[in-house]
Amino acid sequence: MTRKLFACSLVFVMLLSSSSFAETVIKISHQGTGDPEVNIQSYFVKEFTERAEKKTNGTVKFEIYPDEQLGSEEQRMELIIKDGLNQPVADISSFNALGTVLPELYPSAIPFMFNSYESAHIFFDTSEYMTELKKLFRDRTGCVMLEVVEEGGFLAFTNSKRELRSPKDFAGLKFRGMDEGQIAIFKAFGASGTPIPWGELYMALKTGVVDGQMNPAFYILLGSLPEVQKYMTLANIQYSDQFLIINGDLFDSLSESERKALTEASREANELTRKRIEAQDSEQVEECRRRGMKVYAPNAEEMKEFRTIGQPKYIEWLKTRLKDPRWLDMALRDSETSNAKAK
């Protein structure tokens, strides 16, 4: 081999080597603890990042930042929208955080809308409403919503005063609401609602500032709420979800195969997360019972009463948040279709 040919070959090998090892490092943040055995967000992030790195052969790598290390929900949302290439960040965003920039999301949380996990999955994975919502999110913020991540199962009512078998049992009770929409539900049943941060909820329940709240069984146990709550009603109130989002410029900068890998990895991780949550949900409900809570599951007629009274008031509130009523119409139509398709 001539010296000139050797030099050219060496340059080619160096270029090939450098391109083979070129990588994009993405910071992925969430607000939960970093232990995947304890926190379902951490479990999803672990499964997603491991699969994405494997599918891209290491050309995309992730640095994980739990416990709001990259800022509050609002700060992380602003970071992702603002500067995707210089600050490559993805985030597991809560419903409340996403709702601040995408109020059209709220129709997906209409109470008592889904009959089962399967119907909720059909809705969030395949409905026209979600397809259009993702497009709107991209157009408005420049960000991509990769996956609607199941967070903790369906929300249940709990309280310290009495068993809640129908809306009339709520009369005069005081509840903690995570947002105005939840407060509207309580008001529809003749109760009152007030916003209280999660970190203050236990003491608020213990001291009687409020009598009850609603959360999945996972969070009821996580917050030691069986110590201060006696009754639990499994009313499939709202589907508990969060959202894997990434800056659009960052996503577009990846190769087609890398984008496909991230999309596939997020779906696979979510499917595993769903199975984990749903397998644990019944166990966690039983654990609530073992810790002294009286657990009640409404029958079909009672659920119809909850839906008939609770939905209109929530929808009335929702109309004050939406400029375009078609989002509400689409969500209601597609949820009915999803319930019909579910086994």
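Cavity, pockets and helix contacts in a predicted model

In the lining of the largest cavity, β4 (143–154) and α11 each supply at least two residues. The structure is a predicted model. A search of the whole structure finds one cavity of 30 Å³ or more, and the largest cavity holds about 50 Å³ of space. Its lining is made up of Ile40, Glu151, Gly152, Phe218, Ile277, Gln280 and Gln284. The greatest contribution to the lining of the largest cavity comes from α11, with three residues. Sorted by class, this lining has three nonpolar, three polar and one charged residues.

Confidence in the model was considered next. The average pLDDT of the protein chain is 90, and 93% of the residues score at least 70. Residues 3–21 have a pLDDT below 50. Beyond near neighbours in sequence, this stretch has three contacts in the model.

The largest pocket contains about 730 Å³ of space. It is lined by 30 residues, of which Gln31, Ser94, Asn96, Arg176 and Met178 are the closest to its centre. At least two residues of the lining of the largest pocket come from each of α4 (95–101), β6 (174–177), α9 (217–222) and β10 (239–247). Of the elements, β10 gives the most to this lining, with four residues. The lining of the largest pocket comprises 13 nonpolar, twelve polar and five charged residues.

The second largest pocket contains about 150 Å³ of space. Its lining has 14 residues, and those nearest its centre are Phe154, Leu234, Asn236, Asp281 and Val285. Helix α11 gives the most to the lining of the second largest pocket, with four residues. By class, ten residues of this lining are nonpolar, two are polar and two are charged.

Helix packing was then described. Two packed helices are described by the angle between their axes and the distance between the axes. For helix α2 (residues 40–55) and helix α11 (residues 256–290), the axes come within 8 Å and cross at roughly 145°. This crossing of α2 and α11 is right-handed. On the α2 side, the contact involves Ile40, Tyr43, Phe44, Glu47, Phe48, Arg51, Ala52 and Lys55. On the α11 side, the residues are Ala261, Leu262, Glu264, Ala265, Ser266, Glu268, Ala269, Asn270, Leu272, Thr273, Arg276 and Ile277. The residues of the contact of α2 with α11 divide into eleven nonpolar, three polar and six charged.

Helix α6 contributes Glu128, Tyr129, Glu132, Leu133 and Leu136 to the contact, while α13 contributes Arg326, Trp327, Met330, Ala331, Arg333 and Asp334. The residues of the contact of α6 with α13 fall into six nonpolar, no polar and five charged.

Note on methods:
Residues numbered from 1 in each chain as written. Predicted model: local features only at pLDDT ≥ 70, side-chain atom pairs only at ≥ 80, totals over all residues. Heavy atoms only, no water. Axes fitted to C-alpha atoms, helices over the stretch in contact; angles between N-to-C directions. Left-handed = near helix turned anticlockwise from the far one by under 90°. Contact = heavy atoms within 4.5 Å. Nonpolar A, V, L, I, M, F, W, Y, C, P; charged D, E, K, R; others polar. 1 Å grid on protein atoms, 1.4 Å probe; cavity = no way out; pocket = protein on both sides within 12 Å on 5 of 7 lines; lining within 4 Å. Points joined across faces, edges and corners; volume = space filled by probe spheres on them. pLDDT = per-residue confidence, 0-100.
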